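Biologist: Could you take me through one part of this model closely, starting from a single residue and its contacts, and then connect it to other local features that deserve a careful look?

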Amino acid sequence: MERLNANDMLRVVNELLSSKNAAELLVKLQLGLRPIAEISDILVLTQDANQLCALTSTFEPLCGVCLLEPSFVKKVFERNVCAANICQLPNDWILPSHCNETVIFVANNFAERKGVFVLFIKGGDDIGRMENALSSVDTLFRQAFLQLDQQHQMSQMLLDRTYALTQSQQRFQAYAELASDWFWETDESMCFTYLSFLEQTKPSNFSHFLHKSPLNIRSDSESTQFKKWEHFLHLVRQHSEIHEFEFEAIDNQGHRVWVSISGKAKFNADNSFAGYLGIAKDISFAKQREYDLKLAKEKAESANKAKSHFLAVMSHEIRTPMNAILGILELLEDTQPNEKQLELIDFMRDSAKLLQGVISDTLDFAKIESGTLALENSNINLHKLIKNLVQQFETQAVKKGIHFNAILGGGVPEQINTDGVRLSQVLLNLLGNAFKFTLEGEVSLLVNRSDTELFITVKDTGVGIDEAQIQTLFEPFSQLHDKQVGRQQGVGLGLSITKRLLELMEGKIECASEIGVGTEFIVTIPLIPLITADGHVKDAEIENSIPSYRILVAEDNPANQFIIKAILEKRNHMVVLADNGESAVAAVKKSRFDLVLMDMVMPVMDGVTAARTIRTELGELAPPIIALTANAGLADKTKCLNAGMQDVLTKPLNSALLDEKIKALFS
């Protein structure tokens, strides 16, 4: 038995460093330690999570955890070199063949992870001297363990990466087979050099695309689309990106298919053009569906036009004799008929007018459906139009015993520019329905305006409309049925025509109703400036030469709102309403007002706070504010004035006093 000197140890270390793998390293370690001991086999253990696991060996490798007595393991790490009998090893260890009774454990405490070399000794009488000699070469064991541990980690990392790569390839292959898209590459002449579906096991109808360019596989009809393909070639010449270029191709079965390709240019290391790469997909199904939808749409439009044309022709042909029938009935009345005959004439006239109304509605609906109905705008006298409508329904109101109110709001212009015939038709329809469904109470017609719109409200106290029926109220052939009034006569086109006429006029209609309470329709149409004979715009307000102010009324009580608004509009003022102080502040910020009438007590934000906010945020730009309060006390008036209001008016409102206050403010 000899000890290794420094030169011997340096030689062995160099030998270990040149090892290519763990097996070679262990053999070189055996040879290097031969002067000290004859070692038949070596087992290397590493400590992981406080347990010793097999790292490598010169015989059949171990798996999993190598369990040793904890006290023995502690002893090994304390002594660094420790001899033991082979019987002290666990029974489940797979031992090398022809091993002797002696085993020497050499601990490694110098790496981040501790390790143990298990040396199986062939022979040796002086174990103590062998232990001392092995202790003196701990540098060799340290070097060997560091290399083995590093090689093990590299090997494990390589295995993990290889497994991940394999999984990724399998996943990509599965996705490629499931997806409708496929990948392609071309050379510089745009001939396909790679098609991903060729790597799949399932057959493809596009396999003949290989080594051909899109120009070679396109259909004959595509060959005639010069502009489309010139654009494609321009993109290729410019090496620009191709985005969803769609073309019809011929598959290997001779069938026409649609293909969409997207790609970008690729370049060699010397920056020379090398072709394109990208993705493609078969869009034949989508194209067929698109064609089917287009064909179905054309058929539906053709059928609709035929239907509308038929209705228009038939309605026109029926209307002519119907006018004759009505004329003859009028002549019959001049022949001095008896009472029974007059009753029969009335029945005939009512039925004829009903049929005439049905024909008119059908004809108008057909024109709207076919797109042949055009508006004829002109300057009309709105006041006269409303007056004529009122006269038509006054007699009906008297007969039914219901009240009929018609109110023109302040500032509603006398002259407006619109289609007077169609506006009359809309209002006749709404008023007719109101009287038809109202058995008692009243029917109201209210007309108001804003800066840009005209508002017409038809309100009744009739039977009302169920919420579910409101959803279909404006659909063609929709009719209401009520147990009080029964099924109404007509074909159910009136409100549908009304809505479509208003849409042509760039207006709208809204409905609110409650069963047993009544119904309200609100019509909104643009307020178009008048056009004079010389083509200049004429404003109705200027023509009337009535001075007015734009006034914001902040009041939460609907009844007070109505009264104040009516008083102001009667004096030709423009009125905007706000339900609370917060809304008033927002309105003043958004629009210019000449005056604000502010109620003191309102929800969300009271009038005093609102006035203070307006003064603070707008400063000198804030409009004058007059308080409206039911509290006549000096303290409340002082509070209003301190908040920045100019004056205070008490409720109930005195219109003459209000006129004086406004006159004083703007004098």
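Modeller: Leaving aside neighbours within four places in sequence, Ala 83 is in contact with Val 103, Ile 104, Ile 127 and Glu 131. This is a predicted model, and Ala 83 has its place there in strand E3. Although Ala 83 and Phe 105 are 22 residues apart in sequence, their C-alpha atoms are 6.0 Å apart in space. Ala 83 counts as partly exposed, because its relative accessibility is 25%, and buried would mean under 20%.

Asn 80 lies in the loop between helix H3 (70–79) and strand E3 (81–85), and its phi is positive, about 70 degrees, although Asn 80 is not a glycine. With a relative accessible area of 33%, Asn 80 is partly exposed. A positive phi is also found at Glu 244, where the value is near 50 degrees and the residue is again other than glycine. Glu 244, however, is placed in strand E8, which covers residues 242–250, and it counts as partly exposed at 44% relative accessibility.

The C-alpha atoms of Leu 628 and Val 648 are separated by 6.2 Å, while the two residues are 20 residues apart along the chain. Leu 628 is buried, since its relative accessible area is 2%.

A search of the whole structure finds 17 aromatic pairs. In one of these, the ring centres of Phe 273 and Tyr 276 are 5.8 Å apart and the planes stand at 75 degrees, so the pair is edge-to-face; the label follows because planes over 60 degrees apart count as edge-to-face. Both partners are on the buried side of the cut-off, Phe 273 with a relative accessibility of 19% and Tyr 276 with a relative accessible area of 0%. Ring pairs also link Trp 182, Trp 184, Phe 192 and Phe 209 into a cluster. Charged side chains meet rings as well: Arg 218 lies over the face of Trp 229, at 4.9 Å from the ring centre, and the charged end of Lys 228 sits over the ring of Phe 245, 5.5 Å from its centre.

Finally, there is the matter of open space. The second largest pocket holds about 660 Å³ of space, and its lining is made up of 23 residues, with Asn 448, Phe 455, Thr 457, Lys 565 and Glu 569 lying nearest its centre. Two or more lining residues come from each of strand E12 (403–408), strand E14 (442–449), strand E15 (453–460), strand E19 (518–526), helix H16 (558–570) and strand E23 (574–578). Of these elements, H16 gives the largest share of the lining, with five residues. Sorted by class, the lining of this pocket has 11 nonpolar, five polar and seven charged residues.

Note on methods:
Residues are numbered from 1 along each chain as its sequence is written. This is a predicted model: local features need pLDDT of at least 70, side-chain atom pairs count only at pLDDT 80 or more; totals for chains, interfaces and linings use all residues. Side-chain values use heavy atoms; hydrogens and water are left out. Helices (H or I, at least four residues) and strands (E, at least two) are DSSP runs, numbered from the N terminus. Buried means under 20% relative accessible area, exposed over 50%, partly exposed in between (1.4 Å probe, protein chains only). On a 1 Å grid over the protein atoms alone, a cavity is a set of points where a 1.4 Å probe fits but cannot get out, and a pocket is an open set with protein on both sides within 12 Å along at least five of seven lines; lining residues have an atom within 4 Å of a point. Grid points are joined across faces, edges and corners, and a volume is the space filled by probe spheres set on the points. Ala, Val, Leu, Ile, Met, Phe, Trp, Tyr, Cys and Pro count as nonpolar, Asp, Glu, Lys and Arg as charged, and the others, Gly among them, as polar. Rings of Phe, Tyr and Trp (its six-membered ring) pair if their centres lie within 6.5 Å; planes under 30 degrees apart count as stacked, over 60 as edge-to-face and the rest as tilted. A charge sits over a ring if NZ of Lys or CZ of Arg is within 6 Å of the ring centre and within 35 degrees of the ring normal. Contact means heavy atoms within 4.5 Å.
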